[in-house]
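Good morning, and thank you for coming. Please look at the sequence and the structure as I show them, and follow along as I speak.

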Amino acid sequence: MNKKTDTPAAGKKQRSLWQEAWRRFKKNKIAMVGLVFLLILIVIAISTQVIDLATHNQFYLSHVVKQNLKDRLQPPSAAHPFGLDEFGRDMLLRMLWGVRYSLFMGTLAIVVSCIIGGVLGAISGYYGKQIDNVIMRFMDILLAIPSMLLAIAIVAAFGTSLTNVLLAIAISYIPTFARTVRASVLTVKDQEFIEAARAIGCNDATIILQYILPNAMAPIIVQGTLGIAGAILSIAGLSFLGLGIQPPTPEWGAMLSNARTYIRDAWHVTVIPGLGIMLTILALNLMGDGLRDALDPRLKN
Amino acid sequence: MHKYIIKRLLMLIPVIIGVTFIVFFILNLSPGDPAAMILGDQATAEALAMKREELGLNDPMLVRYAHYMGGLLHGDMGVSYKNSISVWGQVVDRFPNTAILAVAAILVALLIGIPTGIISAKKQYSAMDNISMVLALIGVSMPVFWLGLLMVILFALKLGWLPSQGMGVGLGPMLKSLILPAITLGTSSAAVITRMTRSSMLEVIRQDYISTARAKGVDERTVTYRHMLKNALIPIITAVGLQFSHLLGGAMLTETVFSWPGLGRLMVDSIKSKDIPMVLGCVIFLAVMFTVVNLIVDIIYAFVDPRIKSLYRRGK
Amino acid sequence: MDDVLLDIKNLSICYSTEDGEVHALNNADLTLHRGESLGLVGETGAGKTTLARGVMRLIPNPPGKVVGGEIFYDGRDLLKLSEADMRRIRGREISMIFQDPMTSLNPVMTVGDQILEVINVHHPDLPRHEARKKAEEMMEMVGITSSRYEDYPHQFSGGMKQRVVIAIALACSPKMLIADEPTTALDVTIQAQVLEMIRDLKEKNNTSMLLITHDLGVVAQNCDRVAIIYSGEIVEYGTLHQIYKETLHPYTEGLFGSIPNLTSNIKRLAAIDGMMPDPTALPAGCKFADRCKYATDRCRTEHPRLLEREDGHKVRCIRYESSGEVTENG
């Protein structure tokens, strides 16, 4: 419980702060397991993308999407460790090809909402007064709409497409980031090093980007990691409802949606995609918890 | 206290206007032509124009919004594009089923989450604590629809104990058919509440006033409930309040898995058939319900936190 | 020895932390006589609060643990009592006032109910209205109007909160009061008031008191006997006169050197150089050796015992061991 005063953005100090955090993070074995699992997923996602580019989607079309009805719903075997799905496609390949949808779309949605929310929060916190009032009231209203309902409304209005799903998830996370950044800005705004920066003639943009934002990084990273987990769940949920990514794309939620029909005959088509989603979310949550403990030891119990 | 409640009620009005406007705005950006959807492909241009005029589609957005809100106050949400039945009637008909599911799920979450969190905190780092924290983490990470499917496979298909689809008629069968959906929907909330209760209790557990209470000779049970839990409750209530948002999303998924005849299913079906008024009615109704639930949570706050209570007590 | 109320023998308490075992209290011996006030003086981290919590058996476990010793209260070893028996002692026989009044009251309970609680716990047969009347009397006794019974702690100032804490502590007329730095967190003007009130109430009820402080001035005004604690050990114990006028231990000497004195003309206060040893790695010899101006090689290897002189004055220092005086104690 050693109280640590937040060090301002001064280059050297800042770096040692991150190094210190990494040192603490490394000690947390469970969080490291999450990190390693995620790194493996990232490698899979990139590899599948590379294969698609190299083979001009030929491999994807002939192995991941192409149906082979005579062998449908085969249980796991040596040749197909995860079995075959309802159209006779190899579940292992579909799972591998599905990684990128969950991971990249979840991350992209959060990056978008982090940028928009971050800018709104920074403006709100830095300028205060009327601007703050208007932005934050709007955020309150946005927050008052459950994210899934907002996503449903957007998808209902614009149709089910990858972009719309992404947009829906991104919008629903904006208030979270706006609030996080605003709170960080408020805590550092009136400290001396900001006044010093102003005194040497820095303009508002420089002050926000160089001095205030680095101080908001820790909570943003933690929120972001946990946000990606939430976003992946939402994307999978929407796809499961048939409102997100559409078959035959091997997105895990969409795979589950199809598998439902065969729940009596073949458990593996239901269990495997869900397990994939769960492990990904679990890894992100483990890492998010670990990051929170590492970046802000005061919060640790 | 009344003053506080009235103040919160007044604050609700701009939020409801904002929420309904955003939802109305988004759904009215829909590119489809409602008149064509109602009249079908064979309709003539004149017929379409007449229908548009009748639906008020030529008015500016704000006018249409005001019109819609005026109707809403009288329980009028327009009619379905699909079969011209009253949206309000459908929503009111389906809502109780969703409410039953949500309340049952929250009960499951509270009954599991709070005791587990308390025990975990009191026996920090014990085997029991470690196991419940791992389970809670898995619970948080579990996609609700997948959990539902696993439940169906195990309890309905393999063991045959409970029905997997629909809502039973009559109290007994209804409750029986409620068990699986309620556990499915409540699990992730239970996990979140467990984690929140634990961390909130741990904050309180080493406070000086706990030592004071023990130094008085108060027994451990009373220390735990009267002194620790009452103080830990405020963040727990926040967590419970936030869970309602997740529950609404989760309810749509759970209702789909278990064919539960609630608002969520109605909404999903309506989106698929592009029945915009029905979707709009469902979303607005649920969003308003959600703000009301938040208001109730805020009021419960005031009862638990004397800092708010005493502020308003004098102005009874 | 019938006038002895509390007799602590060889009490040792450890905390296990990530950095190792913290030896917070090591073989502490302490005697509190009936009706007397004993001042326990030491710097932050010396083990004062650990000792107090040890007597109440309120060491948070984990990480803390009593690893040895006995605490005789009225002839009974508190460490051997069942938890239920110990509860009957807490608040009724021995009460404790904690350091920070801002945090020692439950924020979600009215102050009246917090006083009432201790009365209800120890007098369960008392009718409701009588218990409440007693609680209100206690409020009046510490100078708070009983009309504030239904108020919450956040509506009180620090000094007022400490009065409430004192009311709780004295509500069941305990035989012994442990006051852990009861005034450190208060404004100077309030400090005097609160101390005076404690003194008055204590005298009225013939309560014994263990007063923990780092302020020698407070001790001089309130105590009959004084114990000096350093690095988890009692280094000197005696009457007020013995400690102040016949100071033996170099550490105590150093403490007096760091108090401003109005009568003598000193330009600069003498601070004791250095820091207390790391409680996870205590030195083998005298724990004060590194800071002691009289220290010899023998001090660093040989651990001095707490020796009692003929007049009851006890000291833990090798300089007095050679003179071979009387009984040894630990």
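How much area do chain C and chain B bury between them? They bury about 2300 Å² between them, with 54% of it on carbon and sulfur atoms. Buried area here is the accessible area (1.4 Å probe) that two parts lose on being put together, summed over both.

Before I continue, two remarks on conventions are in order. This is a predicted model, in which local features need pLDDT of at least 70 and side-chain atom pairs count only at pLDDT 80 or more, while totals for chains, interfaces and linings use all residues. Residues are numbered from 1 along each chain as its sequence is written, chains are lettered from A and ligands numbered from 1 in the order in which they are written, and side-chain values use heavy atoms, with hydrogens and water left out.

Let us stay with the interface. Chain C contributes 31 residues to the contact and chain B contributes 24 residues, where contact means heavy atoms within 4.5 Å. The rule finds 2 salt bridges across this interface; a salt bridge is a side-chain nitrogen of Lys or Arg within 4 Å of a carboxyl oxygen of Asp or Glu. In a salt bridge, the side chains of R226(B) and E117(C) meet at 2.5 Å, N to O. On the side of chain C that touches chain B, α1 (48-56), β6 (94-97) and α3 (111-122) of chain C each supply at least two residues. Helices (H or I, at least four residues) and strands (E, at least two) are DSSP runs, numbered from the N terminus. The largest share of that side, 5 residues, comes from α3(C).

What of the other chains? Chain A and chain C do not touch, and their nearest C-alpha atoms are 11 Å apart. Among the 2 pairs of chains that touch, chains A and B have the most contacts.

Is S80(B) buried or exposed? S80(B) is buried, because its relative accessible area is 1%, and buried means under 20%, exposed over 50%, partly exposed in between (1.4 Å probe, protein chains only). Leaving aside neighbours within four places in sequence, S80(B) is in contact with I85(B), V87(B), D275(B) and M278(B).

Finally, A220(C) lies in helix α7 (residues 216-222) of chain C. A220(C) is partly exposed, with a relative accessible area of 36%.
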